[in-house]
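Visitor: I would like to learn how to read a protein model. Could you take me through a few of its features, one at a time?

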Amino acid sequence: MDRRDKQNYYLDIAQTVAERGTCIRRNYGAIIVHNDEIISTGYVGAPRGRKNCSDLGYCIRQELNIPRGERYEMCRSVHAEANAIISASRRDMIGATLYLVGLEAETGEIVANSCCCSMCKRMVINSGIKEVVIRDTLDEYRIIDVSEWIDNDESLEGKMGY
């Protein structure tokens, strides 16, 4: 019997979570796994009680032509990684893995060359998560050791986007 490798198994679940997103630009799904147990999930959406971009029918970042990875203070949504972290206990996240998948809202295609934004990187670092696995294609992914984000602090370089 052919079984999907464990990384893609969890990425498949994160991709299904991404489909719940309410952004009209890009939707991400995140799951946090520790000791082979899913401890939390998160997807892109406005804070509880606020209208989503899908409800409003527009994305202010899209209207302002803001490049991906920049000016997230203009976004109405809470990111998938942040929602997953908010919903988990820190003691459960220490040493855990976060799986992340991005989908283009219009086409449903996997977002090429995804990464956490600088705000989410900081939350991932402080949560105690050890590694982040990001889907590049249906079968290919990258594994990022979070210590790389600590050692290579892009905020000191003034780097924008990802």
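Visitor: Are Y10 and Y99 buried or exposed?

Guide: A residue is called buried when its relative accessible area is under 20%, exposed when over 50%, and partly exposed in between, with a 1.4 Å probe and protein chains only. Y10 is buried, and Y99 is buried as well. This is a predicted model, in which local features need pLDDT of at least 70 and side-chain atom pairs count only at pLDDT 80 or more, while totals for chains, interfaces and linings use all residues. Residues are numbered from 1 along each chain as its sequence is written, and side-chain values use heavy atoms, with hydrogens and water left out.

Visitor: How is a pair of aromatic rings described?

Guide: One gives the distance of the centres and the angle of the planes. Rings of Phe, Tyr and Trp (its six-membered ring) pair if their centres lie within 6.5 Å, and planes under 30 degrees apart count as stacked, over 60 as edge-to-face and the rest as tilted. By this rule there are two aromatic pairs. The ring centres of Y10 and Y99 are 5.1 Å apart and the planes stand at 40°, so this pair is tilted. It links distant parts of the chain, since Y10 belongs to helix α1 (residues 6-18) and Y99 to strand β3, 89 residues apart. Helices (H or I, at least four residues) and strands (E, at least two) are DSSP runs, numbered from the N terminus. Ring pairs also join Y9, Y10 and Y99 into a cluster.

Visitor: Which residues of α6 are buried, and where on the helix do they lie?

Guide: The buried residues of α6 are C120, K121, V124 and S127. Seen down the helix axis, they fall within an arc of 130° (taken from the directions from the axis to the C-beta atoms), so they line one face of α6. Among the elements that cover them are α4, β3 and α7, where contact means heavy atoms within 4.5 Å.

Visitor: Which residues touch the most other members of the largest nonpolar core?

Guide: Such a core is a set of buried Ala, Val, Leu, Ile, Met, Phe, Trp, Tyr and Cys residues joined through side-chain atoms within 4.5 Å. The largest one has 25 residues, and those touching the most other members are I32, L98, L100, V124, I129, V132 and W149. Elements that give two or more residues to this core include β1 (26-34), β3 (97-104) and α6 (118-127). Apart from it lies another core of 11 residues, with V17, A18, V33 and Y99 among them.
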